[in-house]
Amino acid sequence: MYRIAVLPCDGIGPEVVAEGLKVLRAAAEKYGVEYETVEYDIGAERYLRTGEVLPESVKDELAQYDAIYLGAVGHPDVPPGVLEHGILLALRFEFDQYVNLRPVKLYPGVETPLADKGPEDIDLLVVRENTEGLYVGMGGSMKKGTPDEVATQMATYTRKGTERIIRYAFELCRKRNDDLNLTLVDKANVLTHGHDLWRRTFAEVGQEYPDIETDCHFVDACCMWFVKNPEWYDTIVTCNMFGDIITDLGAMIQGGMGVAAGGNINPEGVSMFEPIHGSAPKHAGLGKASPVAAIAAVQMMLDELGEADAAAAIDRAIQAALAEGDVPVTTGPEGSTQETGDKIAALVG
Ligand code: IPM
Ligand code: MN
């Protein structure tokens with residue numbers, strides 16, 4: 001019996017999460033997966049009502065679950081950073097979810113803005129480091145608000161943190177398919193301390209994986225190749241900040257933010273799954289947002305829980321629905337969120 005904590009949070013989060021849960025129910029019934037969900041009232045509304053972001057008691061409770069399923073955080077009435085740091089990043093750090101797994105996969109039937117590229121060209125996996133780098137919040141300000149203001153924001157990398165994500169990426173690359181190619185994306189030509197650590201660690205760990213071909217690409221060049229030759233990539237490992245940026249680009253080449261899912265994984269602890277899109281406040285409550293990413297996040301969750309058959313069934317259902325057409329990959333007409341969820345749930349077989 002899996003116990004899943006559900007945090008729909010803000011904006012379109014609750015609507016897309018509802019569809020994800022619908023598809024989870026369908027897959028669980030077909031494949032005999034037993035689970036229960038408990039929903040948590042976390043997010044902008046609670047913050048605006050009570051001033052609480054992520055109470056200690058909730059954090060303690062979340063530690064007891066098998067997985068966390070999250071919608072989206074962010075609200076126009078809340079200053080930027082409060083919910084992002086207070087909920088999303090807090091959970092990633094608190095539960096040491098050091099892997100942020102983000103598949104960039106163009107499903108058949110979905111249009112990519114890249115001319116002459118198809119599903120066989122766009123199928124890669126970004127393994128983003130999720131607990132270090134620019135995200136740790138080290139640094140500070142001096143003489144704030146004056147003409148002499150100084151601000152520093154340090155990127156922090158540890159040997160242990162770098163090594164564990166690189167090792168995870170090598171292992172995953174080996175398991176994923178027959179295309180044994182892992183690219184380190186960095187900026188070692190400029191970040192000569194931090195990314196030198198990444199390069200050396202990558203080379204050392206790589207010695208243990210002689211079957212895997214490796215490359216190192218600078219992040220700016222990687223952005224160019226995502227657009228020009230995405231077929232060059234199979235598995236990518238990269239730091240927190242660059243992983244954030246290239247996966248938004250990745251979401252675009254796979255057809256839209258509405259199809260891109262991600263997992264925040266602690267292989268030995270509590271992992272959290274989410275669509276990578278934000279709360280999209282302007283679409284909230286209209287039933288327009290595509291739930292495909294949120295549904296794909298459920299697929300990733302089942303996979304991580306060890307329910308590979310149920311996960312594969314969701315993947316097939318998503319692909320079948322998209323192939324039929326009429327499934328929005330960003331936003332659709334009002335009501336299409338629910339219709340898409342119904343359609344995919346019905347196709348789970
Ligand atoms: C993401 C988001 C977050 C990040 C924000 C909301 C803190 O952009 O999940 O990619 O930067 O990681
Ligand atoms: Mn992002």
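In the predicted model, helix α9 passes helix α10 in a left-handed crossing. The residues that form this contact are, on the side of α9, Val292, Ile295, Ala296, Val298, Gln299, Leu302 and Asp303, and, on the side of α10, Ala308, Ala310, Ala311, Ile314, Asp315 and Ile318. By residue class, the contact of α9 with α10 comprises 10 nonpolar residues, one polar residue and two charged residues. Helix α9 covers residues 292-305 and α10 covers residues 308-324; the two pack at an angle of about 160 degrees, and their axes are 7 Å apart. Because angles over 145 degrees count as roughly antiparallel, α9 and α10 are therefore roughly antiparallel to each other.

Helix α10 also packs against helix α11, which spans residues 336-347; the axes of these two helices come within 8 Å and cross at roughly 125 degrees. This angle makes α10 oblique to α11. The crossing of α10 and α11 is right-handed. On α10 the contact is made by Ala317, Ile318, Ala320, Ala321 and Glu324, and on α11 by Lys343, Ile344 and Leu347. The contact of α10 with α11 contains six nonpolar residues and two charged residues, with no polar residue. Ile318 of α10 takes part both in the contact with α9 and in the contact with α11.

A further helix pair is formed by α5 (residues 159-176) and α6 (residues 194-206), which pack at an angle of about 45 degrees with their axes 9 Å apart. Helix α5 is thus oblique to α6. The crossing of α5 and α6 is right-handed. In α5, the residues Arg159, Thr162, Glu163, Ile165, Ile166, Arg167 and Phe170 meet Leu197, Trp198, Thr201, Phe202, Glu204, Val205 and Gly206 of α6. The residues of this contact between α5 and α6 divide into seven nonpolar, three polar and four charged.

The model also includes ligand 1, whose surroundings consist of Glu84, Leu88, Arg92, Arg102, Arg128, Tyr135 and Asp244. Among these residues, Arg102 places a polar side-chain atom 2.8 Å from an oxygen atom of ligand 1. A polar side-chain atom of Arg128 likewise lies 2.8 Å from an oxygen atom of ligand 1. For Asp244, an N or O atom in the side chain is 2.9 Å from an oxygen atom of the ligand.

Terms used: Residues numbered from 1 in each chain as written. Chains lettered and ligands numbered in written order. Predicted model: local features only at pLDDT ≥ 70, side-chain atom pairs only at ≥ 80, totals over all residues. Heavy atoms only, no water. Axes fitted to C-alpha atoms, helices over the stretch in contact; angles between N-to-C directions. Helix = DSSP H or I, 4+ residues; strand = E, 2+ residues; numbered from the N terminus. Parallel < 35°, antiparallel > 145°, perpendicular 65-115°, else oblique. Left-handed = near helix turned anticlockwise from the far one by under 90°. Contact = heavy atoms within 4.5 Å. Nonpolar A, V, L, I, M, F, W, Y, C, P; charged D, E, K, R; others polar. Near = heavy atom within 4 Å. Polar contact = N/O pair within 3.5 Å; in protein donor to acceptor, adjacent residues only side chain to side chain.
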